[in-house]
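Reader: Hi! Could you walk me through this protein, one piece at a time?
Author: Happy to, let's open it up.

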Amino acid sequence: MFDKLESVESRYLELEKELSDSATIANQREYQRLAKEHADLMPCVQTFRKHRELAARLEENRELLSDADPDIRELAQEDSSQIQTELDELEDELKRLLTPKDPNDDKDVILEIRAGTGGDEAALFAADLFRMYTKYAELMSWKVDVLSSHATGIGGFKEVIFSLSGNRAYSRLKFESGVHRVQRVPTTESQGRIHTSAVTVAVFPEAEEVEVEIEPNDLRVDVFRSSGPGGQSVNTTDSAVRITHEPTGLVVICQDEKSQHKNKAKALKVLRARLLDRKQQEQRDKTAEDRKSQVGTGDRSERVRTYNFPQNRVTEHRINLTLYKLEHVLEGEINSIIDPLTTHFEAESIMQSNHA
């Protein structure tokens, strides 16, 4: 670990020289790139330097432990114990800082919620989850933009796709992908029996145009009249857009806007995010020695969470976490799930990095 830290500090010092060079200052794009790398390395370098200073102090104290004066020996022992505790904490922090960062963490996010098994009840729960995530976005001061939706007549969604824009949105929501299961008595159930339904959630980092190039010749764009609930002109003009990316077969439909151009722009945003996700998944599959190590990276077939209404219970299966505050969770208070999830997967990442 300390060899890695020496390399990081060397790179940090190189960057300081480059940033003070007049040629670099004249090239603003290059200057900004190097300044960002410098800022990213700063916490690690500062922590490493603090660790080195404390380690030197500990070494000095070792000499005092054999001093003839018992009072000096006692003070040295107390100081050494405190320094060792601080060094242990700093080493844990350095391990975390050395763990490779997810390049998508600062990105905005696109969520796709789809009703699975359970018919109308699954569609209603898809609407509940959509509300939960929009409430969470409010708490986080993020912007919500519905990109596409397919509503049912009873207030549910067969599918809803939306973007969340704000500070480190992807880093907070990237572990939400998977099958979310609900257990409750449907309003249509006359005998009071509990039904189990499922909804799938997919989370994608929003892709920049430079990250995913889409050749216009690879796209088939169809326009048609919108269907389902809609206001004036939504259902009376050919404003809905279906884009098919022919090399991959991916299809995106957007019909919520009155403008065909707006629907096309939203569809391209969703398509770009799906293509980036596919590209990154292929890279993970190539480099992963063990496919099981990728638990939590977005497997949409994995059952991740159960929402049990009769018991007011939410269970996060990946970390065996159970909370008896379902009503708060559905109001968007999901940090009590997201925080331990993030801690768990960060710890796994550190362990894999140490064994690499």
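**A hairpin and its neighbours**

Author: In the hairpin formed by β9 and β10, with 4 residues between the strands, N312 has a positive phi near 55°. This is a predicted model, where local features need pLDDT of at least 70, side-chain atom pairs count only at pLDDT 80 or more, and totals for chains, interfaces and linings use all residues. Residues are numbered from 1 along each chain as its sequence is written, and side-chain values use heavy atoms, leaving out hydrogens and water.

Reader: Thanks! In which sense do β9 and β10 pair?
Author: Antiparallel, over 4 bridges, with β10 covering residues 313–316. Pairing here means that DSSP finds at least two bridges between two strands. Y307, for instance, has V314 in β10 as its bridge partner.

Reader: And which sense for β4 and β9?
Author: Those two pair in the parallel sense, over 5 bridges; β4 spans residues 178–184. There, R181 has T306 of β9 as its bridge partner.

Reader: How many residues of β9 are buried?
Author: 5 of its 6, so the strand, residues 303–308, is mostly covered; buried means under 20% relative accessible area (1.4 Å probe, protein chains only).

Reader: New topic: how many helices and strands are in the protein?
Author: There are 9 helices and 11 strands. Both are DSSP runs, numbered from the N terminus: helices are H or I with at least four residues, strands are E with at least two.

Reader: And what share of the protein's residues counts as buried?
Author: 41% of the 356 residues.

How values were computed
Buried means under 20% relative accessible area, exposed over 50%, partly exposed in between (1.4 Å probe, protein chains only).
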